[in-house]
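I opened a new notebook page for this model. My plan is to go from the whole chain down to single residues.

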Amino acid sequence: MNRIHVGEDFFRYILRLAPLLVLGASGRVVLWIAMWNNVEGTLAHSNVDMRFPSLAHWVLPTPHNHRVHHAGD
């Protein structure tokens, strides 16, 4: 379940992706970035035990490092 309003999502993508188009990125590149953002967000917020080598947690948006991101000080 997404807690972000559809309009907020839409404007966030516009603000992120429009500059890429203005700078000359192809529509295909912008589409891949948008799709990756959706996959990455879903992975990072999932409650799935993903067992990766420890190096992967530094590179990939795993639930493990996302929980660290949301942890209190």
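What follows is my record of each look-up, in order.

**Ground rules.** I am working with a predicted model, where local features need pLDDT of at least 70, side-chain atom pairs count only at pLDDT 80 or more, and totals for chains, interfaces and linings use all residues. I number residues from 1 along each chain as its sequence is written, and side-chain values use heavy atoms, with hydrogens and water left out.

**Fold.** I looked up secondary structure first. The protein chain has four helices and zero strands. I take helices (H or I, at least four residues) and strands (E, at least two) as DSSP runs, numbered from the N terminus. In sequence order the pattern reads α-α-α-α.

**Overall form.** I checked the radius of gyration, taken over C-alpha atoms. The protein chain has 15 Å, whereas a compact globule of 73 residues would have a value near 11 Å. The globule rule is 2.2 Å times the number of residues to the power 0.38. The C-alpha trace spans about 40 × 30 × 25 Å along its principal axes.

**Contacts and burial.** I call it a contact when heavy atoms lie within 4.5 Å. Of the contacts between residues at least 6 apart in sequence, 12% join residues at least 24 apart. I then looked at burial: 16% of the 73 residues count as buried. Buried means under 20% relative accessible area, exposed over 50%, and partly exposed in between (1.4 Å probe, protein chains only).

**Surface.** The accessible surface is about 6,300 Å², and carbon and sulfur atoms account for 66% of that. Areas come from the Shrake-Rupley method with a 1.4 Å probe.

**Salt bridge.** How many salt bridges does the structure hold? I found one. The term needs a side-chain nitrogen of Lys or Arg within 4 Å of a carboxyl oxygen of Asp or Glu. R12 pairs with E8, and their closest N and O atoms are 3.8 Å apart. Both sit in helix α1 (residues 6–22), four residues apart, so about one helical turn separates them. R12 is partly exposed, because its relative accessibility is 27%. E8 also counts as partly exposed, because its relative accessible area is 45%.

**H45.** I ended on H45, which is placed in helix α2 (residues 27–45). Is H45 buried or exposed? H45 counts as exposed, because its relative accessibility is 57%. Leaving aside neighbours within four places in sequence, H45 is in contact with H66 and H70. I also checked W58: H45 and W58 are 13 residues apart in sequence and 16 Å apart in space, C-alpha to C-alpha.
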